[in-house]
Amino acid sequence: MEATVNSYLLKGFAQLVAECGGDLRLIGQASGIRHDAFFTHGLAVPVRQVLAGFELAARSSGFRAFGLTLAERSSLDVVGPLWPLLNSAGTVRQMLDDLATNFHIYSDRGLASLVMVEGGAMLHYDIMAGECESQVQIVEFSLALAYREICRQVGAGSDSAIFLFRHSRPPDLTAHRRVLGPNLSFDQECNAIFLDAALLERRCRLHDWQSRESAQSQIGDLLRHRPQGMARQVELAIRIHPDLAECSIGQIGRTLGLSSRTIQRALAEEGTSFRRIFGEVRADLAHKYLAQSTLAVGQIAELLGHSDMSAFSRAFRRWRATTASCERRNARPAQADVSPNEAAGSA
């Protein structure tokens, strides 16, 4: 079954497209999003279509900050059934932990995790392999939504928050600095927000124990009917692993608190394997780094855990049936502004 997301995520999309001078009808045709989904909440829209719609809206209108601007006009209530739980959290850390732990209830193709690091924590966000060619807009939109909710809960922004993106730096950072603050870093190993320990322990202004107990009960019911698959857990663990050259099923097992045999058995039941998922993640990251970052091919090979360029070249040919240099050259025109009907014609 194709993964879907609630059309509530598209709230304000049509209005912003109009303000940017875009053509909503053509964006809908090119992405596959049904026209009424832009105006009606509660419809199930394929994740692939939404991701394509965000990218097309930015490119066709020439408005690089489309995702960030839409996030300014939205709120984290787009996560639907998770919202009552997040809105009643006691601290910022509790809210983000709730978000990461239960994110699959909202989207089984989006990946969120909260990883404790020295001095604070990293809130990671990604899209599972194979779902999209580009995720620049949805990544910026999603991290901006999370950060804006943190600011709303504590009553102020925080200059200590640091944003990291896998994609390259846009020519104009005005919108990024307005929405996210001054600490921005591009061409990085992950898409994430670093939050210091002091901010994590800040009390949430809307905390309500009674509401939280009710929300926890509702989430418990949803979890029983919608458990998180092993393949999804493994992919998430691989993506946040600090060194892909040293990434093994044993290490992923330690991250998940499971034995290698348990993981292998569960993956086999889902029709996949650790080796397959690991390869898909590296292939996906290789493509996105080449298409969306300015990292040199050698740097990308190192990030993906290849000991030398020849090993990376062989692997890349196996993944994409082309060379890394050709992939990068072909990606450059795709980053230029195109009209939605042009995009549809090349699909």
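Let's start with Lys288, which sits in helix H14, the helix that covers residues 274-292. Is Lys288 buried or exposed? Its relative accessibility is 6%, so Lys288 counts as buried, since the cut-off for that is under 20%. And what does Lys288 touch, once its neighbours within four places in sequence are left aside? Its contacts are Cys132, Glu133, Gln135 and Ser293.

Now take a look at His124, in strand S4, which runs over residues 120-127. With a relative accessibility of 12%, His124 counts as buried too. Leaving aside neighbours within four places in sequence, His124 has a list of contacts that includes Leu111, Ala112, Ser113 and Val115. Cys190, Asn191 and Ala192 are on that list as well, and so is Ile240, as contacts of His124.

| Residue | Element | Relative accessibility |
|---|---|---|
| Lys288 | helix H14 (residues 274-292) | 6% |
| His124 | strand S4 (residues 120-127) | 12% |

Time to zoom out. The protein has 18 helices and seven strands. Its C-alpha atoms fill a box of roughly 60 × 55 × 40 Å along the principal axes. How does the radius of gyration fit with a compact globule? For 347 residues, such a globule would come out near 20 Å, and the protein has 20 Å, so the two agree.

Of the 347 residues, 53% are buried. If you look at contacts with a separation of 6 or more, 69% of them link residues 24 or more positions apart.

How far can you trust the picture? The average pLDDT is 92, and 95% of the residues score at least 70. Residues 336-347 are another story, with a pLDDT below 50, although this stretch has 15 contacts in the model beyond near neighbours in sequence. Where pLDDT is low, predicted coordinates should not be read in detail.

Methods
Residues numbered from 1 in each chain as written. Predicted model: local features only at pLDDT ≥ 70, side-chain atom pairs only at ≥ 80, totals over all residues. Heavy atoms only, no water. Helix = DSSP H or I, 4+ residues; strand = E, 2+ residues; numbered from the N terminus. Rg over C-alpha atoms; globule rule 2.2 N^0.38 Å. Buried < 20%, exposed > 50% of the residue type's maximum accessible area, 1.4 Å probe, protein only. Contact = heavy atoms within 4.5 Å. pLDDT = per-residue confidence, 0-100.
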